[in-house]
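Welcome! Please take a moment with the structure below, and then we can walk through some of its features together.

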Amino acid sequence: MPTAARRRSGLVRRAAQRLGLRRRGGRPLELVYSRAYQLELPGTATDPLRGERILGFLLAQGLARPRRVHAPEPATYRQLSRVHAAAYLEALAQPGALLSILGLDLPDPLPDRVLAAQRAMAGGTALAVRLALERGGTAVNLGGGLHHAHRDRGERFCAVNDVAVAIAEARERGFAAPVLVVDLDLHDGDGTRTIFAGDPSIHLLSIHNLTTAPVADNATAVELGGEVEDAAYLAAIDACLPDLVARVRPGLAVYVAGCDPAADDALGNWRITPAGMLERDRRVMAALGNVPAGGAGQVPLAIVLAGGYGGRAWTYTARFLAWLRSGRVVEPPSAAELTLDRFRSAAALLSPRELTGEGPGDDDFVLTAEDLAAAGGIPARSRFLGYYSRQGLELALDRSGLPERVRARGFPRLALDLELDNPLGETLRLRAPGLAEPLIELRARRDRAAVPGLELLRIEWLLLQNPRAHFTAERPPLPGQRYPGLGLLQEVMALMVLACERLHLDGVLFVPGHYHTAAQGKRLLRFLSPVAEGRFRALQTVLAGLPLPEAAAAVEEGRVIDETTGRPFRWEPTPLLLPVSAAAKERVTGVPYDEAAGAAQAAAVLRLRPPAG
């Protein structure tokens with residue numbers, strides 16, 4: 001080997017050792033992803049950025065390489081028609097066709113987006129299967145798992161069955177060996193099973209809460225009911241999977257690695273811990289020979305995401321793939337931290353001149369808005385927070401991807417309004433033409449008085465709403481809500497942090513008017529007062545286990561009783577701080593703060609009274 005090549009090989013090897021990576025027999029992890037997977041469905045618990053969060057985490061950890069990330073083509077009509085009836089595929093193009101599948105009456109253009117996303121995922125699973133077979137290793141589609149779609153109908157959010165499409169495509173390409181589908185989503189893989197019923201070359205294993213379709217000879221269905229915990233779940237896997245692998249001797253496996261068995265899943269009814277979820281994945285990999293160290297006997301494997309609902313669903317797949325790639329457990333960050341890192345990367349590409357609107361040349365000879373105001377010209381306030389020009393603000397928002405996520409909710413045209421002369425704060429509004437109500441309204445100002453020695457970005461008012469969405473029994477209105485939210489609080493707060501970093505502000509200050517507002521932001525913010533922090537912790541302990549709407553109602557209705565006074569607990573708006581600078585972090589962290597908060601929590605004796613009737 002030439003000297004330069006040996007040097008590069010040594011550098012790669014030492015870098016892999018520092019990252020804890022192991023060589024995998026020349027069969028690295030292949031990843032399939034498309035931004036077309038990002039699908040916003042108002043009123044649902046799906047995370048449109050689930051695949052992107054997983055990919056971003058793996059890339060940031062050095063556990064994935066950009067050249068191993070593949071973009072799929074959407075599944076063609078010909079590919080879909082191999083597993084779906086022609087009449088059904090034609091019916092999908094008709095207005096209202098998705099209503100029975102999604103249970104949602106979506107405004108245009110969302111129905112087309114749903115079909116486009118699921119076709120992209122079907123193409124992604126077909127690509128993952130092809131990569132696994134060609135390279136003899138593991139390929140992961142960061143989407144897919146639409147296992148409820150039958151030959152002649154769609155069900156439960158699944159319009160096309162990507163797993164069936166991928167297997168049929170492999171058969172079309174000449175692959176003839178047995179296939180094993182391991183479906184460990186919380187819900188029965190009924191659509192895949194019915195599509196392949198009677199095909200002895202394909203065996204399907206589904207371990208789920210409830211069996212919903214007939215079981216043919218080429219399938220194993222294990223029904224565990226509800227409230228399943230780690231031991232029973234892992235025992236069910238051990239009882240059938242190793243024997244199935246030995247009996248089927250698959251030349252290809254497809255693992256439907258649903259994350260909805262997790263205890264914190266927004267829709268699930270099982271109690272599988274994070275450790276139990278990872279152990280589940282390890283046992284599947286061991287049975288198939290797909291362990292981090294590689295080796296002989298490895299079954300070519302395609303993995304799809306399937307179910308998983310809520311803001312933490314992505315972390316289970318991320319933890320699994322990090323272990324599969326490195327052989328060690330790597331804990332994913334919070335979604336908020338990941339969002340902030342992603343926004344920082346985009347913001348780093350923007351120069352101050354692009355954001356402020358200042359032109360090139362010698363700044364000493366540029367007339368600013370303040371100069372003109374002093375001379376009796378235009379008002380001094382011409383930039384948001386004294387920094388961002390209108391064009392710069394639009395550019396910063398666009399680079400963050402926030403407007404695109406709003407558009408995906410059915411608002412293809414957006415307009416930005418600025419009101420800079422209000423003494424209560426400068427106001428930014430994002431509107432959809434034709435709607436009287438704004439989608440996003442932010443009133444903020446720079447504050448040097450709230451905390452001595454700190455300059456903060458004070459949020460006076462923040463509104464995130466979707467006037468075209470409707471409240472449901474599962475998502476009732478919260479106090480003060482006129483319309484359902486946009487589900488973008490995390491992204492907006494990340495933009496606030498970036499503004500603080502750009503403007504050298506110490507943090508974000510916010511005074512929540514309701515309990516639910518504080519609860520939603522509490523993952524990111526802490527109360528300025530340790531006494532308020534302690535009382536809030538006591539309140540959260542009393543309300544633990546209640547969904548946020550029920551908890552908010554209990555506070556608003558006076559059903560939380562302060563035992564020290566015998567009177568209902570009343571919510572008092574108190575400042576919350578999201579610290580950005582070291583000085584701000586010191587203000588709300590450390591032993592004195594924690595001790596005072598702990599004492600206040602211990603002193604707050606609260607009791608929850610049941611609702612009347």
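## Aromatic pairs

Rings of Phe, Tyr and Trp (its six-membered ring) form a pair if their centres lie within 6.5 Å. By that rule, this predicted model holds nine aromatic pairs. One of them joins Phe-57 and Trp-314, an edge-to-face pair with 6.3 Å from centre to centre and 65 degrees between the planes. Phe-57 belongs to helix α2 (residues 50–60) and Trp-314 to helix α11 (residues 313–326), so this pair ties together parts that lie 257 residues apart in sequence. Both Phe-57 and Trp-314 are buried.

Let us turn to another pair. The ring centres of Tyr-515 and Trp-571 are 6.2 Å apart and the planes stand at 80 degrees, so this pair is edge-to-face. Tyr-515 sits in helix α18 (residues 515–521), while Trp-571 sits in the loop between β16 (567–568) and β17 (576–579), so parts 56 residues apart in sequence are tied together by the pair. Tyr-515 counts as buried because its relative accessibility is 6%. Trp-571, at 17% relative accessibility, counts as buried too. Ring pairs link Tyr-515 and Trp-571 with Phe-527 and Phe-536 into a cluster.

## An enclosed helix

Next, have a look at helix α7, which covers residues 162–172. Nine of its eleven residues are buried, so the helix is largely enclosed by the rest of the structure. Among the buried residues are Asp-162 and Glu-169, along with Val-163, Val-165 and Ile-167. The alanines Ala-164, Ala-166, Ala-168 and Ala-170 are buried as well.

Just after α7 comes Gly-174, which takes a positive phi of about 105 degrees.

Our last stop is Glu-460, found in strand β12 (residues 456–464). Is Glu-460 buried, exposed or partly exposed? With 32% relative accessibility, Glu-460 counts as partly exposed, because this class lies between under 20% for buried and over 50% for exposed.

What does Glu-460 touch, leaving aside its neighbours within four places in sequence? Glu-460 is in contact with Leu-424, Arg-443, Ala-444 and Arg-445. Its side chain also makes a polar contact of 3.2 Å with the side chain of Arg-458. Finally, Glu-460 and Pro-512 are 52 residues apart in sequence, and their C-alpha atoms are 9.4 Å apart in space.

Notes:
Residues numbered from 1 in each chain as written. Predicted model: local features only at pLDDT ≥ 70, side-chain atom pairs only at ≥ 80, totals over all residues. Heavy atoms only, no water. Buried < 20%, exposed > 50% of the residue type's maximum accessible area, 1.4 Å probe, protein only. Helix = DSSP H or I, 4+ residues; strand = E, 2+ residues; numbered from the N terminus. Contact = heavy atoms within 4.5 Å. Polar contact = N/O pair within 3.5 Å; in protein donor to acceptor, adjacent residues only side chain to side chain. Phe/Tyr/Trp six-rings, centres within 6.5 Å; stacked < 30°, edge-to-face > 60°.
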